[in-house]
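Here is a friendly walk through one protein model. Please have the sequence and the 3D view open as you read.

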Amino acid sequence: MMQYRMKTHPLTEDQITHLLERTQTCNLATLNPDGTPYCTPIHFIYWGGAIYFHGLPIGQKLGNIARDSRVGISAYEMEGLLLDPGEKPCDTNTKYESVIISGIAKRLEDQNEKRNVLTKIVEKYTPHLANKELPDNMVKGTAVIRVDLAEITGKYYA
């Protein structure tokens with residue numbers, strides 16, 4: 001059953017795209033071997049209809065993805081609290097936008113594709129370094145993951 005606010009306050013496709021392009025971090029959920037969730041804050045880009053992130057070539061999230069490629073992602077921006085004029089604590093709300101994604105994660109192997117994604121990551125987070133060449137050994141030694149989106153929803157409250 002869909003949440004009431006999901007029905008009444010959905011983000012448009014353009015609003016979802018804008019949130020994912022401007023937000024600096026999101027949370028990535030993978031599944032541990034015992035089935036428990038493992039949630040990690042990550043830097044990411046939203047590009048070409050997919051989510052991309054990078055990191056060390058080994059670790060718990062990459063091991064989880066190698067074993068089970070299903071992932072969940074949430075991105076959220078809170079603008080502030082909306083206090084009740086009558087000062088009722090239970091009537092306090094939050095002004096926010098959020099996106100929830102489910103998808104399939106895949107580690108990229110093609111060095112040119114990895115370089116393109118890493119360049120986009122540099123452009124987002126350190127634009128003043130965007131004209132610098134990425135060394136081949138750095139590209140080769142960095143894990144780059146693409147998440148193909150299976151479902152994406154967004155909502156807001158204002």
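The sections below go from the whole chain to single residues.

## The model and its confidence

This is a predicted model, in which local features need pLDDT of at least 70 and side-chain atom pairs count only at pLDDT 80 or more, while totals for chains, interfaces and linings use all residues. Residues are numbered from 1 along each chain as its sequence is written, and side-chain values use heavy atoms, with hydrogens and water left out.

The average pLDDT (the predictor's confidence in each residue, from 0 to 100) is 90 for the protein chain, and 89% of the residues score at least 70. Where pLDDT is low, predicted coordinates should not be read in detail.

## Overall layout

The protein chain holds five helices and seven strands. Both are DSSP runs numbered from the N terminus: helices are H or I with at least four residues, strands are E with at least two. Starting at the N terminus, the order is α-α-β-β-β-β-α-β-β-α-α-β.

Of the 158 residues, 34% are buried; here buried means under 20% relative accessible area, exposed means over 50%, and partly exposed lies in between (1.4 Å probe, protein chains only). The chain exposes about 9800 Å², with carbon and sulfur atoms supplying 54% of that; the areas come from the Shrake-Rupley method with a 1.4 Å probe, and for residues only the protein chains shown count as cover. A contact needs heavy atoms within 4.5 Å. Among contacts between residues at least 6 apart in sequence, 70% join residues at least 24 apart.

Strands β1 (residues 25-31) and β2 (residues 37-43) run antiparallel and are joined by seven bridges; two strands pair if DSSP finds at least two bridges between them.

## The nonpolar cores

A nonpolar core is a set of buried Ala, Val, Leu, Ile, Met, Phe, Trp, Tyr and Cys residues joined through side-chain atoms within 4.5 Å. The largest one has 22 residues, and Leu20, Ile51 and Val147 have the most contacts inside it. At least two residues of this core come from each of α2 (13-22), β1, β4 (50-55), α3 (60-67), β5 (70-82), β6 (93-107) and β7 (143-157). Apart from it lies another core, of 11 residues, including Leu108, Val117, Leu134 and Val139.

Which residues of α2 are buried? They are Ile16, Leu19 and Leu20. These residues are on the same side of α2 because they cover an arc of only 95° around the axis, taken from the directions from the helix axis to the C-beta atoms. An α-helix has 3.6 residues a turn, so residues three or four places apart point the same way.

His9 sits in the loop between α1 (4-8) and α2. Is His9 buried or exposed? His9 counts as buried, because its relative accessibility is 16%. Not counting residues up to four places away in sequence, His9 touches Gly154, Lys155, Tyr156 and Tyr157. Of these, Lys155 lies in strand β7 and is buried, with a relative accessible area of 16%. The C-alpha atoms of Lys155 and Thr12 are separated by 8.6 Å, although 143 residues lie along the chain from one to the other.

His54, in strand β4, counts as partly exposed at 35% relative accessibility. Leaving aside neighbours within four places in sequence, His54 is in contact with Leu118, Ile121, Thr142, Ala143 and Val144.
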